[in-house]
Amino acid sequence: MNQNKSNKLRGVIAKYATMEGADSKTKQAERALISRRCYAYRFENPGAFTLDELEKVQRAFKIPWEEISEALA
């Protein structure tokens, strides 16, 4: 995944996580049911998210799939 797509996906996740009240990486990881260490790595390297993890993030923060797909396009 190139840097532009990574930045866009991080921005989308951060936006919706904040809107859902998860303002720290620890809270975000807990809400997404992903270990803190794994979440921190994946957030810094979004191309490493598995589909399962991305679905957990999407559900936890109620991110529309359209915004995720736009970030990855």
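Reader: What share of the residues of the protein chain count as buried?
Author: This is a predicted model, and in it 37% of the 73 residues of the protein chain count as buried.

Reader: And how does the radius of gyration compare with that of a compact globule?
Author: A compact globule with 73 residues would have a radius of gyration near 11 Å, and the protein chain agrees with that, since its own value is 11 Å. Taken along the principal axes, the box that its C-alpha atoms fill is roughly 30 × 20 × 20 Å.

Reader: How many helices and strands are there?
Author: The protein chain has 5 helices and 0 strands, so that, read from the N terminus on, the order of elements is α-α-α-α-α.

Reader: Changing topic, where is Arg-42 found, and is it buried or exposed?
Author: Arg-42 belongs to helix H3, which covers residues 36–44. Arg-42 counts as buried because its relative accessible area is 17%, and the cut-off for buried is under 20%.

Reader: Which residues is Arg-42 in contact with, leaving aside its neighbours within four places in sequence?
Author: With those neighbours left aside, Arg-42 is in contact with Ala-48, Phe-49, Thr-50 and Glu-53. In the case of Glu-53, the two side chains are also joined by a polar contact of 2.7 Å.

Reader: Now the backbone: which residue has a positive phi of about 60° although it is not a glycine?
Author: That is Leu-33, which sits in the loop between helix H2 (25–32) and H3. Leu-33 is exposed, as its relative accessible area is 66%, where exposed means over 50%.

Reader: And what is phi of Lys-62, and where is that residue found?
Author: Phi of Lys-62 is near 55°, which is again a positive value in a residue other than glycine. Lys-62 lies in the loop that runs between helix H4 (51–61) and helix H5 (65–72), and with a relative accessibility of 57% Lys-62 counts as exposed.

Definitions and conventions: Residues are numbered from 1 along each chain as its sequence is written. This is a predicted model: local features need pLDDT of at least 70, side-chain atom pairs count only at pLDDT 80 or more; totals for chains, interfaces and linings use all residues. Side-chain values use heavy atoms; hydrogens and water are left out. Helices (H or I, at least four residues) and strands (E, at least two) are DSSP runs, numbered from the N terminus. Buried means under 20% relative accessible area, exposed over 50%, partly exposed in between (1.4 Å probe, protein chains only). A polar contact is a pair of N or O atoms within 3.5 Å; within protein, one must be able to donate a hydrogen and the other to accept it, and residues adjacent in sequence count only if both atoms are side-chain atoms. Contact means heavy atoms within 4.5 Å. The radius of gyration is taken over C-alpha atoms; the globule rule is 2.2 Å times the number of residues to the power 0.38.
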